[in-house]
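Open the model in your viewer and keep the selection panel at hand. The tour moves from stop to stop; select, look, move on.

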There are 4 protein chains.
Amino acid sequence: MSDETYTHETWLSPLSWRYGTPPMRALWSEAHKRRLWRRIWVALAETQAEVGLVKPEQVEDLRAHQDEVDIVEAHRREAELHHDLMAEVHTYAAQCGIGGGIIHLGATSMDVEDNADAMRLRDALDLLRVQLRQVCGALAVRVREEASTTAMAFTHLQPAEPTTVGYRLAQHGQDLLVDLEDLDRLRDELKGKGFKGAVGTCASYGQLLEGTGWTPAQLEAGVMGRLDLPAFEAATQTAPRKQEYRILSGIASLGQTLYKLAADLRLLQSPPLGEWAEPFGKKQIGSSAMPFKRNPIVAENMDSQARHLAALPRVAWDNAAHSYLERTLDDSANRRSVLAEACLIADDLLKRALRLVRDGTVVHVAVARNLEAYGPFAASERVLMQTARRGADRQEMHEVIREGSLTAWAAIQDGSPNPLADTLASDDRVLAWATADEVHGWMDASDYVGDAPERAVRIADALAAAGEAA
Amino acid sequence: MSDETYTHETWLSPLSWRYGTPPMRALWSEAHKRRLWRRIWVALAETQAEVGLVKPEQVEDLRAHQDEVDIVEAHRREAELHHDLMAEVHTYAAQCGIGGGIIHLGATSMDVEDNADAMRLRDALDLLRVQLRQVCGALAVRVREEASTTAMAFTHLQPAEPTTVGYRLAQHGQDLLVDLEDLDRLRDELKGKGFKGAVGTCASYGQLLEGTGWTPAQLEAGVMGRLDLPAFEAATQTAPRKQEYRILSGIASLGQTLYKLAADLRLLQSPPLGEWAEPFGKKQIGSSAMPFKRNPIVAENMDSQARHLAALPRVAWDNAAHSYLERTLDDSANRRSVLAEACLIADDLLKRALRLVRDGTVVHVAVARNLEAYGPFAASERVLMQTARRGADRQEMHEVIREGSLTAWAAIQDGSPNPLADTLASDDRVLAWATADEVHGWMDASDYVGDAPERAVRIADALAAAGEAA
Amino acid sequence: MSDETYTHETWLSPLSWRYGTPPMRALWSEAHKRRLWRRIWVALAETQAEVGLVKPEQVEDLRAHQDEVDIVEAHRREAELHHDLMAEVHTYAAQCGIGGGIIHLGATSMDVEDNADAMRLRDALDLLRVQLRQVCGALAVRVREEASTTAMAFTHLQPAEPTTVGYRLAQHGQDLLVDLEDLDRLRDELKGKGFKGAVGTCASYGQLLEGTGWTPAQLEAGVMGRLDLPAFEAATQTAPRKQEYRILSGIASLGQTLYKLAADLRLLQSPPLGEWAEPFGKKQIGSSAMPFKRNPIVAENMDSQARHLAALPRVAWDNAAHSYLERTLDDSANRRSVLAEACLIADDLLKRALRLVRDGTVVHVAVARNLEAYGPFAASERVLMQTARRGADRQEMHEVIREGSLTAWAAIQDGSPNPLADTLASDDRVLAWATADEVHGWMDASDYVGDAPERAVRIADALAAAGEAA
Amino acid sequence: MSDETYTHETWLSPLSWRYGTPPMRALWSEAHKRRLWRRIWVALAETQAEVGLVKPEQVEDLRAHQDEVDIVEAHRREAELHHDLMAEVHTYAAQCGIGGGIIHLGATSMDVEDNADAMRLRDALDLLRVQLRQVCGALAVRVREEASTTAMAFTHLQPAEPTTVGYRLAQHGQDLLVDLEDLDRLRDELKGKGFKGAVGTCASYGQLLEGTGWTPAQLEAGVMGRLDLPAFEAATQTAPRKQEYRILSGIASLGQTLYKLAADLRLLQSPPLGEWAEPFGKKQIGSSAMPFKRNPIVAENMDSQARHLAALPRVAWDNAAHSYLERTLDDSANRRSVLAEACLIADDLLKRALRLVRDGTVVHVAVARNLEAYGPFAASERVLMQTARRGADRQEMHEVIREGSLTAWAAIQDGSPNPLADTLASDDRVLAWATADEVHGWMDASDYVGDAPERAVRIADALAAAGEAA
């Protein structure tokens, strides 16, 4: 750890330099963590000054040196002490000639670390929620634009009936709104350990406060109020680790929405479908053989990272499940990785999702081509129904359509246009009940989308509202 | 599938016969699923009768045969059709001479199946919530009983400072209350697909309703109202699969609480600790060599099953993430297993947890033994503080205690009682500042539990309130 | 558990009736497990008779009743004893008037159960290996048939360069051969606990054998020889649980191959690609609107189940990791589910894979259509290279091709045939260096497949060899 | 990415600075990756020079600049090109005035990247295997030392019968030897993609080699020979991703062994058991209240990280399962994290395991204490058997022992020594058949360990052999 700078001669997580955003990386940095620790020590000292346990000038001294984190020195001390928080106490104390002695007074390490971690998770959720609202806002625009653009819907990856491009996008939007509600709630419910000492009983604070007229709960309320963080009623050495499982599951649930969004857009970018195009840089290298080809690398990257994210809640489950009795330390090492990684991956996913949604292109010509190719099959139902209403023999009409459909399908497999509308509009058995124009009208699938446009608009409204709050 | 009865000559999931409870098993049975399908078909027909699309006597006929599920016949038909829902339609229709023809009118399979699955999940959550409230109620009793019973707390599996037995149990209770809130909310928010047709646009219903003055949304509202199930605004062929990930994560979170509860109680049942004992049957075989020994098999079983449960949310994540475009069918087969398994495992865990919490025994003699052995180390801090207040040299006192502690630790390792209180109460350097009685008083760790008793009682109150609602 | 038959009024795992095959289900049945237990007791008694500890007629009596498993009776006894193996001992003993008293002599439960479980896993691997070899054999045929059928290859789901249908299938074959090697090896290395008593030390056997001249290791060798199962050198109460993690990982690895196989075939069945068709039953219901449409339900089902399988190795990892000291029982309950489920899912996957591979159809017309649409882009490289060799200006030719490609791409997006070959073969700048026929020859991508055909054939040979051993 | 140095003001994975070893970190660095890429380009050029496609002086030029990786410049170019490998080609080419133009001739990106990744995995396995052998060697010593040290064995965390400390450690050793075999085999079987071009057909190489008399397979053999890496017979754009799932599962299996080792040693360090002590630094801060207390932080850290490792194979499974057709890019982003993390975590685990095994202490006084407390229960079986042999009434003796055991158990719960041996050796009903000395002899459990010592020694021998090869 000599000079504490790192280069590409050592392994660096891609989340440190390639994926994720600077604010989220800074939030999970060692330096920021230590600044939070110091902020907590100051809040503790301020409250203890109110009680009369420490002097105002001591608190003042702590405040004066609050931002002077010196990681090199702290790590030097940790190499001896094998205890990172105590190393920070010593480092900080050495900077504070007047107040150094009162840092961490009556506290146990986890009173500081665990609250700081809760604050980091809270702030990380805040960063994610802002980005998520931006994605919602951007998606609202696209859903509205395309609310009535008819496109073939696919089930089993097979053309089915028509839908609209906007309604399809609205499905993702509906899921994102659920994610936003979940993250909002998780953020609002988030609690810290509070100040409860080594095993969560507040015994050490009780002793410290003997004769002051203060209870441990009052001291706790004072400090937590300064940190604007509610505390759990009960804790062991730490806050319940269940909270982290719930938060990581919520973040992974957002990751699931974004995975599906990206996966759908990857499929739609496949040229045989071809209905979507990613934004693409000017000098970006695609394929040398097909320079106009656009590999869906933004969406592929999202699926790759989302898949990693999906594996992380389980680690938090294990940490919560196996923290025996008043706490074992088998959570500590992996939390340094997985909490940050989950937040950074989600951070990166949202950044890419915004780009994908805002700057991607609906390829209307391909949308129309697919609708023409596959729409008539669904639409032929209307020919059946309308001619039947006029008295046609249902069985005969069914057979007409069936024959025409088989021929049409073979034509499509061969790469030809779908002849079904023409076939039906020129079949005497059909023309006995309707004009060719009527048949062509019924065979146009473009309005066979039920109330998808209205539903899409309603979701767009909700997305826009979420986006405005960003 | 010849005669559709199964014996132990074939593999039967232990959840069919060994674990889980009959009501939860019945809820996830094929027969019940088909009864729900029929209930949905009846609700659809009732609404369509209101619209005027079908006749009251047809609806009446469907209602009359609603419960006559015949799985053997349905499976016979499915073997030909390769489509389980259509096989049930045919089976049901064959039973309904008058109304058979209108079953499933205008609907797509998933309008029936997917709403039925939402109803199963809703009812399963209801079963779990009742059981969870019972566990809360039972735990409330134990937390209150032991709110002030001092016991050694362990961090790192090492004796630390005292806590109380009730406060320790209250931690589990606090987690259970979070789980209950989560399950309550998931249940309240649970939605069905509604009636939206093959790709979610309601197009087929629109056509069906042409000229009736009804909109698809009104039809949907009518049917869903009859089923008492809200519908998602948007859907593809199915409701968003995200819902199942969120529900399974919530159930797995409950599984995590119960895993930790069981794991802690397994440790506490280990004779070197020995503070807890599971309920034990009269003729139950323990160890032949140590007939009084009690293997913690209830708690071990819970950890085993909870671990299985922890693996299941990931399957639901995958289903949601990979349901491409308007739906692919790669969710279907595994949902037959994992939704039921998750609910059945949780069902079994709660059943065992209730037994463990309600009928388990706190072994007070062992609690006291451990407190005597390890409590004095923590309590010696008070000797330091009190003598220092009276003017003793802090350094000297620290050394006295350190020496005494080392000797005491060695005694304990050897299996002897902790001599530290006696040592200090007979050391002249200590007796210069306090009487032997005073020292013995300080060295009694039993009241060194801060406000743990009050916090335990507050959580017990919340648990009792939750339990009363059961 | 009254009469021990089960119907669809209770939850039955789909693996009991819908998925999986009868032999694999029978292998994991309770009845078979108990027959294995009895077989082990007989083998133990036979060896003990050799030692002189029990009498031949006692062994004979055990052998006579070996197959009379009576689960109803055994479960009745278990309800009292809370110990399933001891319940079976009592049940068996009640059937054996002469030998009943010597059943399980000197043994601990896990000497019987754990070896039986190893035998079940071994036999399950044998069932899987036979099926896997059949899939290899069937795939060999298809790879050979299509070794030289040129098709467009897709990277990023974008058309890239040509490959061959057979070479594409050979990739799956190459992975299956790795899986087969892994399963063969896991089967060959599979070991049982042996006969080592309650904590693995053989102490009880040592005492039993006192004065007989036999060592516990010799007794163990005698019994395990009769069971044809090697034993681990060391064991605790059980064999190391690591073995099950390794086996489940191996099975999940097979599941991964089959997942990708099915996923690829699902994509290829999507009509815009359309290069593959699943086998389809005569009366099977597809879509009513498009009766000729073929939903890839076999392949979708495979992906669904494989995804479930992928979650199971983790449970085995946990069982192995958390089996504390000489064994805790937190593996037992979930092993009843996950070992069987992993084998049954793999069993079902292989059954479907065989059908998919053997009876699926390559839609050559679609293969050709896609090659025509996208092949020219890759082939245009040859025009560049060949004209450059003859002295053409590389930059100019590159521009000619670029322009033509852009126009061609737009045509394809519009649903028209790819005009690139014609464009180049009629461009004067190209015709200055080559005849139109030469250009058309170069633009035919169908032989631009390198050595894919030969590599495909070599893998087909290996697959055929594996298949012949089935 | 401005200046490409990183400090603790940004998030740095703990595996970059806190966990893992410098050689493993260097192996996974960007710089090393690029040096491998260049090494591959040189090997390609060397072979192409042999073919006559490029000139010796061009190859010489490439070799001369092979180590001049300039990441800042490469990243600058990548920001424009959005393609990291092409950016490196440009950077390298700019350094090579003579040979720059032939870098990457005929190759596709994945011909370079994918082989480089295989080489990194191979080298990482080599690093792990050396460390694993060291752990085996260290464990051999401890197993031998304690092969005959009798200790209480625990099943269900309950004292059972005796075992030996060495035999207990040998279980871990037996598992490590399996892991070593697995890693050895995975390393030996490891293959690269070879040089097969964009979709794995070698088509581009075929064209390049036209007229040279070389086949693509020969070119491939030449380059791979220079890299000492076998190639897969078939590949798509990449080598089969299954390989990485198998390797990560193998590494996670090692992680499982080390998890259990650490978990057992954490339990044994719990003072109520107290049989093991971790190595501890001179100034290391333990508990202030109990300075002699030793928190098992090395072992806790191992369990924490191993749990993270256990989640990673699943990501590799997904990458392999979802790499559609000739490859999709949804593996790329997460592979940058998970391959390195899996290797670095295993690297760290082995480092800590070595310390734990080599420098940890068996606390013999506690081993003896536990044996005294719990051993007599198991040993009392011998009193029963021996007196029965001499003619005592088995029922009566059983009752004597049962009564004594109950009293003894109560004494232990109370913290007193186990009185059972004395009780039996002074009971007239026993003394009717044996002397008090005989009874005391039988009640000594210390030799009731079967053949555990011999088995332990045999495993120690195998471990030592593995260790010597390190």
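Predicted model: local features only at pLDDT ≥ 70, side-chain atom pairs only at ≥ 80, totals over all residues.

Select C:Gly467 and its surroundings. Leaving out residues up to four places away in sequence, C:Gly467 touches C:Arg133, C:Gln134, C:Cys136, C:Gly137 and C:Ala140. C:Gly467 sits in helix 20 of chain C, residues 452-468.

**Helix 13 of chain C**

Stay in chain C and select residues 313-322, which form helix 13. How many of the residues of helix 13 of chain C are buried? The count is 10 of the 10, so the helix is largely enclosed by the rest of the structure. Show the side chains: the buried residues are C:Pro313, C:Arg314, C:Val315, C:Ala316, C:Trp317, C:Asp318, C:Asn319, C:Ala320, C:Ala321 and C:His322. Next, bring up what they pack against. From chain C itself, helix 11 (242-269) and helix 14 (332-359) are there. Chain B supplies helix 12 (297-310). Chain D supplies helix 11 and helix 12 (297-310).

**Where chain D meets chain C**

Color chains C and D separately. Here 68 residues of chain D are in contact with 68 residues of chain C. On the chain D side, the elements that give two or more residues are strand 1 (150-155), strand 2 (158-164), helix 8 (165-189), helix 9 (203-209), helix 10 (216-227), helix 11 (242-269), helix 13 (313-322) and helix 20 (452-468). Which of these gives the most? Pick helix 11 of chain D, with 13 residues. By class, the chain D side holds 34 nonpolar, 21 polar and 13 charged residues.

**Two helices in chain A**

Keep chain A on screen. Select helix 7 (residues 109-145) and helix 8 (residues 165-189) of chain A: their axes come within 9 Å and cross at roughly 160 degrees. Angles over 145 degrees count as roughly antiparallel, so helix 7 of chain A is roughly antiparallel to helix 8 of chain A. Helix 7 of chain A passes helix 8 of chain A in a left-handed crossing. Their contact has 14 nonpolar, three polar and 10 charged residues.

**Two helices in chain D**

Switch to chain D. Select helix 3 (residues 30-51) and helix 7 (residues 109-145) of chain D, which pack at an angle of about 120 degrees with their axes 9 Å apart. That angle makes helix 3 of chain D oblique to helix 7 of chain D. The crossing of helix 3 and helix 7 of chain D is right-handed. Show side chains next. From helix 3 of chain D come D:Lys33, D:Leu36, D:Trp37, D:Ile40 and D:Trp41. They meet D:Val112, D:Asn115, D:Ala116, D:Met119 and D:Arg120 in helix 7 of chain D. By class, this contact has seven nonpolar, one polar and two charged residues.

**The core**

Show all four chains. The largest nonpolar core has 620 residues, and those with the most contacts inside it are A:Cys343, B:Cys343, C:Cys343 and D:Cys343. Zoom in on D:Cys343. Beyond its neighbours within four places in sequence, D:Cys343 is in contact with D:Met24, D:Trp28, D:Ala124, D:Leu128 and D:Ile251.

**Two histidines in chain B**

Finish in chain B. Most residues other than glycine have a negative phi. Select B:His82: its phi is positive, about 55 degrees. B:His82 lies in the loop between helix 5 (71-81) and helix 6 (84-95) of chain B. With 17 C-beta neighbours inside 10 Å, B:His82 counts as partly exposed. Then select B:His156, where phi is also positive, near 60 degrees. B:His156 is in the loop between strand 1 (150-155) and strand 2 (158-164) of chain B. B:His156 has 26 C-beta neighbours inside 10 Å and so counts as buried.

How values were computed
Residues numbered from 1 in each chain as written. Chains lettered and ligands numbered in written order. Contact = placed C-beta atoms within 7 Å. Helix = DSSP H or I, 4+ residues; strand = E, 2+ residues; numbered from the N terminus. Nonpolar A, V, L, I, M, F, W, Y, C, P; charged D, E, K, R; others polar. Core = buried A, V, L, I, M, F, W, Y, C linked by C-beta atoms within 7 Å. Buried ≥ 20, exposed ≤ 12 C-beta atoms within 10 Å, placed from the backbone. Axes fitted to C-alpha atoms, helices over the stretch in contact; angles between N-to-C directions. Parallel < 35°, antiparallel > 145°, perpendicular 65-115°, else oblique. Left-handed = near helix turned anticlockwise from the far one by under 90°.
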